[in-house]
Amino acid sequence: MAKVTTPKPAELVTSIDLKPSGKEWMDTPAEIKPGTFCWGAKAKNLNIVEFPNARDWNPSEEDWKLPENWQEIFLTGMKNLLDKYRSFKVFMDICVRCGACADKCHFFIGSGDPKNMPVLRAELLRSVYRRYFTTSGKLLGKTAGGRELTIDVLKELWYYFYQCTECRRCSLFCPYGIDTAEITLMGRELMNLLGLNTDWISGPVANCYMKGNHLGLEPHAIMNSIEGMIDDIETITGIRINPSFNRKGAEILFVTPSGDLFADPGTFTCMGYLMLFHELGLDYTWSTYASEGGNFGFFTSNEMAKRLNSKIYAEAKRLGVKWIIGGECGHMWRVLTQYMDTWNGPADFLEVPVSPITGTRFDTSRSTKMIHITEFTADLIKNGKLKLDPSRNDDLIVTYHDSCNTSRGMGLLEEPRYIIENVCNHFHEMPENTIREQTFCCGSGTGLNASENMELRMRGGFPRANAVKFVKDRHGVNMLANICAIDRATLSASMDYWVPGVRVTGVHEMVANALVMKGEKERETNLRGEPLPGKEGN
Amino acid sequence: MKILLPLFVVVALVVIAFAGAQANLQAFFGIVVPYAAVAVFILGFIVRALKWGSSPVPFRIPTTAGQMKSFAPWIKQNKIDNPSSRLGVFARMALEVLVFRSLFRNTKTELHDGPKLVYGSEKFLWLAGLAFHWSFLIIFVRHFRFFMQDVPFVIKIMESLDSFLQIGAPLLYLTDVVLVGAVTYLFLRRVVMPQIKFISLPADYFPLFLILGIALSGILMRYFTKVHIVGVKGLVMGLLSFSPVIPEGIGSIFYVHLFLVSVLLVYFPMSKLMHMGGVFLSPTRNMANNNREVRHINPWNYPVHVHTYEEYENDFREKMKKAGLPVEKE
């Protein structure tokens with residue numbers, strides 16, 4: 001594939017015009033621009049998970065090698081989804097196009113492309129709905145806002161449903177709660193029927209299905225990766241940690257996104273989990289089979305998401321654990337909160353989580369039996385079970401990025417903040433319109449964190465980065481904390497592009513830096529191997 | 001064209017009704033059309049609601065707009081924006097439906113030099129929406145004086161409050177002014193604001209023109225070209241008691257008003273105006289965020305093909321043994 005260049009930040013900003021003008025959107029086919037889309041899925045990956053119409057294809061070519069009856073497949077699929085989801089049906093019918101959502105989308109703010117206004121993204125599909133599923137649309141066509149499903153329209157739908165990260169920020173502002181995430185989910189299901197997946201999503205899905213995690217790490221590779229971290233931890237703390245894998249009879253199963261095992265700065269977060277659990281003497285195990293907390297299946301079809309998610313409960317059952325802790329991840333927690341129990345529950349073979357350290361019973365998770373690690377840690381800190389030295393993080397001036405999914409699909413806002421305030425001394429919030437329930441996406445969620453669509457990612461990441469720049473200028477912020485593996489990977493790129501000098505960390509990396517462990521040697525460096533504040537001269 | 005076509009249609013509707021009344025078709029416009037319209041409205045509304053209701057809600061997907069109910073009593077839940085109980089959901093929905101809480105959050109994004117993104121407060125849409133819907137409701141309720149033999153006390157109170165400024169004779173109703181002002185604003189923003197103009201369809205302009213037509217014809221009757229008010233009441237009471245009569249000399253403008261209302265009723269169930277019913281069915285708003293406490297059942301949940309641990313171990317057994325991992329089968 002040809003190398004795609006990303007414009008410089010200044011050029012990119014100049015190209016943004018938030019006041020759309022020009023021709024009617026219905027008459028303007030999408031221009032599929034390099035740098036703003038991901039490569040098409042490969043047949044071999046779709047075949048692994050028995051997806052239909054598998055073939056190698058390239059979105060930038062004219063011919064998408066669609067099956068002959070693609071239109072029929074699409075419309076039948078749409079009818080099927082309308083019958084299965086009230087949300088979809090209602091959201092197709094009731095939008096009044098008031099425009100409250102228009103400038104709430106990070107992709108619109110970063111691109112000015114009017115079809116990235118959430119209302120219009122939905123209208124792309126709604127126009128097809130009106131033409132084929134409503135009487136007025138069938139009779140009056142365009143006058144009633146209906147539109148033929150042509151090949152150009154199909155391409156446009158594909159293009160814009162892969163420019164939405166299902167972050168739900170628009171749904172917060174909609175007077176009827178219309179959720180573009182829901183519409184994009186449906187849109188992508190329809191694309192899936194036609195084999196129109198992207199390589200960056202279908203590859204991890206196939207990996208996760210066969211090997212247990214998106215990265216395709218085989219059992220020994222997972223262990224190797226963690227052993228590398230253990231060596232580093234020993235160098236830094238003098239303590240040798242000995243975690244267990246696939247161990248039957250452990251009290252707790254720990255599941256985290258595989259991104260934490262693979263690349264910086266996620267690995268530092270993972271070291272944080274390891275150190276915390278060791279210090280507590282927690283009776284827990286990792287699993288190589290259920291070695292993925294995230295769920296890229298969620299970005300293809302509901303069924304695929306369920307198939308991948310099933311491993312967590314299945315493994316908990318096989319190992320005979322009592323309950324589950326989940327690591328820092330965004331969409332993982334939307335899936336675990338709003339879908340897992342419905343798909344693969346009831347987890348009646350597990351027990352309501354009770355912290356063995358504090359005795360706290362996590363009743364709010366009494367059905368799913370799975371708690372978020374920031375809940376676990378916040379409880380430890382509140383009960384004074386951790387010896388913390390926040391001054392070890394004194395070189396950090398921290399701000400916190402709420403993940404879309406933990407904010408708007410869960411409401412986990414204060415737990416991570418409580419931890420941050422206890423493990424570092426310099427914490428500043430970004431402006432209120434950009435955090436908590438109004439948080440902006442990193443710009444690369446829902447499987448858009450590829451490299452060939454870097455321009456799109458940087459555009460989508462602009463509002464978040466701009467808010468970071470605000471606190472960098474005002475307070476000298478140099479560290480962006482978060483609780484999401486995709487954030488850790490993608491915000492690093494976005495910071496380098498928009499706000500150089502700001503780095504990215506998981507919350508548990510900071511916890512582990514501040515954590516005073518029993519029997520540790522005097523620490524000289526943080527988990528990144530950089531001198532601790534006051535130790536620079538050593 | 002997006003604007004002119006709906007405008008033309010509404011003008012045509014006015015002309016049709018006016019000409020009809022002039023041509024002695026009062027019985028058609030005064031009896032047949034209203035009956036048909038009400039029937040279409042009721043049936044259409046029910047059919048649409050049943051259509052929505054026939055699709056299940058497979059997942060519990062509230063948009064959480066504040067701190068969840070935490071395991072920890074020392075973390076304060078936002079019980080309205082992230083409700084975990086029925087009462088919380090009720091409060092959230094009530095605020096949504098009665099005072100448009102989500103719309104109240106509205107901001108306006110501006111890109112300044114720097115580059116610097118600024119999110120300013122933007123309450124005009126909320127204000128105009130609220131003014132429009134509430135004045136429409138009050139005007140609708142005020143009309144009950146035509147539907148009942150004796151005007152109920154509540155309506156009399158409402159009327160006197162509505163006209164407390166005591167301007168002119170007949171007294172000016174504030175809601176008349178507010179409604180026309182709000183509809184005009186809602187129309188102008190679709191013409192003036194580039195984003196809104198870009199997304200607007202004929203189906204957005206048509207109801208605005210139609211409602212403006214209804215309001216203006218009503219105002220015309222009340223304040224300017226007077227109609228025979230006793231006759232109007234006689235006609236309405238006749239319709240309601242299913243013994244319709246057409247009193248003499250009501251005035252053509254009344255038939256225009258009635259016809260536009262009838263068109264609105266017919267148009268309602270097949271249009272975006274159904275947001276009135278749909279808002280109550282929106283799963284992102286009407287569900288509690290108690291997913292981890294109470295399992296939600298999906299009626300069409302079905303078994304799926306999964307890659308089992310056994311298959312996984314079969315794929316990797318040798319590697320697992322070599323790495324020292326426990327296996328189920330040697």
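Two strands pair if DSSP finds at least two bridges between them. I note this definition before the entries on strands.

**Ground rules.** The model is predicted, and I keep its conditions in mind: local features need pLDDT of at least 70, side-chain atom pairs count only at pLDDT 80 or more, and totals for chains, interfaces and linings use all residues. Residues are numbered from 1 along each chain as its sequence is written, while chains are lettered from A and ligands numbered from 1 in the order in which they are written.

**Entry: strands of chain A.** I looked up strand S1 (residues 252–255) of chain A. Helices (H or I, at least four residues) and strands (E, at least two) are DSSP runs, numbered from the N terminus. S1(A) pairs with strand S2 (residues 284–286) of chain A in the parallel sense, over 3 bridges. In this pairing A:Leu253 stands opposite A:Thr285 of S2(A). I then followed the chain from S1(A) to S2(A): it passes through helix H13 (residues 266–280) of chain A, and this β-α-β crossover is right-handed. The term means that, with the strands pointing away from the viewer, the path from the first strand over the helix to the second runs clockwise.

S1(A) is also joined to strand S3 (residues 323–326) of chain A, by 4 bridges, and these two run parallel. Here A:Ile252 stands opposite A:Trp323 in S3(A).

In a regular strand the side chains alternate between the two faces of the sheet. I checked both faces of S1(A): A:Ile252 and A:Phe254 lie on one side, A:Leu253 and A:Val255 on the other, and all are buried. A residue is buried if 20 or more other C-beta atoms lie within 10 Å of its own, exposed if 12 or fewer, and partly exposed in between; C-beta atoms are placed from the backbone.

**Entry: helix H11 of chain A.** H11(A) covers residues 199–211, which is 13 residues. The expected span is 1.5 Å times one less than the number of residues. Among the buried ones are A:Trp200, A:Ile201, A:Cys208 and A:Tyr209. The buried residues pack against helix H2 (43–48) and helix H14 (302–319) of chain A. Just after H11(A), A:Gly212 takes a positive phi of about 100°.

**Entry: A:Ser111.** This residue sits in helix H5 (residues 106–111) of chain A. Why does A:Ser111 count as buried? It counts as buried because it has 23 C-beta neighbours inside 10 Å. Two residues are in contact if their C-beta atoms, placed from the backbone, lie within 7 Å. Leaving aside neighbours within four places in sequence, A:Ser111 is in contact with A:Ile16, A:Asn116 and A:Arg459. A:Ile16 is 95 residues from A:Ser111 along the chain, yet their C-alpha atoms are separated by 5.4 Å.

**Entry: the two chains.** Chain A has 23 helices and 7 strands. Its radius of gyration is 23 Å, close to the 24 Å of the globule rule for 538 residues, so chain A is as compact as a globular protein of that length. The radius is taken over C-alpha atoms, and the rule is 2.2 Å times the number of residues to the power 0.38. Buried residues make up 64% of chain A.

Chain B has 13 helices and 2 strands. Its radius of gyration is 28 Å, whereas a compact globule of 330 residues would have one near 20 Å. I noted that 34% of the residues of chain B count as buried.
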